[in-house]
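Reader: I would like to go through the terms used for this model and see what each one rests on.

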Amino acid sequence: MAWKTIIEPFRIKSVEPLGFTTPAERERLLREGGYNLFNIPANKVLIDLLTDSGTSAMSAEQWAAMMRGDESYAGATSFYRFEKAVRELTGLREVIPVHQGRAAERILFQLLGGPGKVVLANSHFDTTRANVEVSGAEARDLTIPEASKAAVSYPFKGNMDTLALEGCLKELGSRVPLVIMTVTNNSVGGQPVSMANLRETSRICREYKVPLFLDCARFAENAWLIKRREAGFAALSPKEISKEMFSYCQGAWMSSKKDALVNMGGFLAFSDAVLAKKAREVLIIGEGFTTYGGLSGRDLEAVAVGLTEVLDEEYLAYRIRSIEYLAEGLRKAGVPIVEPPGGHGVYVDARAFLPHIPPEKYPAQALACHLYLLGGIRTVEIGSLMFGKKGPDGTFKPARAELVRLAVPRRVYTQSHIDYVIEVFGELARRGPDIRGLTLIEASEHLSHFTAKLAPAAA
Ligand code: F0G
């Protein structure tokens with residue numbers, strides 16, 4: 001019997017209260033926070049879909065493992081357990097712990113970036129792009145055309161445009177220090193990359209002698225979507241699929257705050273021992289000694305356990321099914337989304353939802369603010385506030401798309417929380433035409449969405 005109800009494959013041992021607020025309180029908090037949801041205190045948020053990063057609920061096994069955390073400065077047993085788990089998964093021998101994904105990026109691009117270099121990717125996440133650009137290099141996204149058509153369903157919108165990749169490698173030659181495959185592809189909607197695309201990308205990289213790196217924050221969700229959507233993988237386990245994914249790359253880094261089911265952690269891993277030696281030198285200056293890299297021994301233990309737990313089939317089936325459930329509810333409420341939903345959340349197409357607000361008035365940020373105002377729900381804008389640019393002549397260059405991401409923390413919310421989100425969206429769909437855009441008042445040069453201040457635009 002195939003039951004229709006999604007059941008969370010866990011029971012709850014420890015609970016936290018949610019932050020109930022009044023509409024007047026939320027209106028004040030938005031105004032005081034410059035219409036930037038990063039400025040809202042978490043206890044004033046009812047359902048927090050800002051990110052799936054570092055927000056997982058850990059398992060009893062992970063908490064138990066933390067108790068045996070070895071906090072020795074050098075050579076802690078926790079490090080060797082962590083190293084073994086990462087080696088076993090990735091097949092990469094040189095394993096360097098870091099406190100989170102962007103620390104790995106900073107080290108990597110300090111070594112491989114620099115003026116004149118061009119880094120190619122299926123698309124760079126915002127911190128990846130920032131670290132490439134801060135090094136003086138250019139970050140070039142080679143997404144496939146389907147990725148920019150939100151309503152068009154395509155199973156692997158996260159793929160690399162391999163024709164464009166070949167063209168760039170031919171043109172740029174040694175100016176390309178590495179190629180990145182982000183799995184899943186966060187910036188285009190948490191969309192998976194197919195194994196066929198990974199294989200072809202790896203073939204091209206080998207031909208041009210450029211190393212391929214995986215930004216593997218959500219490797220397990222990508223593996224599950226390959227199992228479900230790509231012919232020939234249905235009978236393989238998520239672990240077998242993950243291992244094949246890693247077999248195509250010469251390096252990888254992970255923000256373990258996603259698919260390692262922990263609140264803090266990451267790693268950088270290579271097959272190249274010479275590059276690893278240089279990376280360890282940079283690590284010691286900025287993060288810590290080579291066997292802890294900015295983490296406590298107990299954090300290393302939790303990552304080692306999480307990397308195994310995340311590959312559990314019951315967990316992944318529930319995880320991806322619960323994202324589909326949210327998508328089905330939003331569709332029924334008349335909300336346009338990126339189709340089909342990917343791994344870690346649902347992305348709402350704000351340009352289609354609020355067609356009366358032009359990109360320079362940040363329709364996705366306006367929608368995110370209204371979700372908070374109406375229902376205390378916190379989401380994140382992935383649109384022109386995050387990726388829009390000012391041209392040299394001062395003209396505004398909008399992002400590829402105006403999206404609001406509803407990122408679902410792992411093992412945290414139940415089906416009734418998701419039902420509430422769908423209900424609030426139903427009401428917002430009715431109020432859509434009354435929603436006004438926003439004006440940017442203050443922004444920094446890099447990663448401006450974290451600190452930007454906005455105000456309601458004049459009608
Ligand atoms: N790569 C990807 C694909 C990411 O999604 C993130 C973070 C990073 C790298 C950087 O990792 O945060 O540990 O330093 N994404 C979070 C998000 C912040 O909300 O999507 P980090």
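Predicted model: local features only at pLDDT ≥ 70, side-chain atom pairs only at ≥ 80, totals over all residues.

Reader: Why is the pair Arg228 and Glu324 called a salt bridge?

Author: The N to O distance between the side chains of Arg228 and Glu324 is 3.7 Å. The cut-off is 4 Å between a side-chain nitrogen of Lys or Arg and a carboxyl oxygen of Asp or Glu, so the pair qualifies. Between domain 1 and domain 2 the count is 8 salt bridges.

Reader: What area is buried between domain 1 and domain 2?

Author: About 2800 Å², of which 56% comes from carbon and sulfur atoms. Of the area that domain 1 buries against domain 2, Leu316, Arg400 and Arg410 supply 22%, more than any other three residues.

Reader: What puts the buried residues of H9 on the same side of the helix?

Author: The buried residues of helix H9 (residues 238-247) are Pro238, Ile241, Ser242, Met245 and Phe246. They cover an arc of only 135 degrees around the axis, and therefore lie on the same side of H9. An α-helix has 3.6 residues a turn, so residues three or four places apart point the same way.

Reader: Which elements cover the buried residues of H9?

Author: Among them are helix H3 (77-90), helix H7 (195-207), strand S6 (212-215) and helix H12 (313-332).

How values were computed
Residues numbered from 1 in each chain as written. Heavy atoms only, no water. Buried < 20%, exposed > 50% of the residue type's maximum accessible area, 1.4 Å probe, protein only. Helix = DSSP H or I, 4+ residues; strand = E, 2+ residues; numbered from the N terminus. Arc of directions from axis to C-beta. Contact = heavy atoms within 4.5 Å. Buried area = accessible area lost by both parts, 1.4 Å probe.
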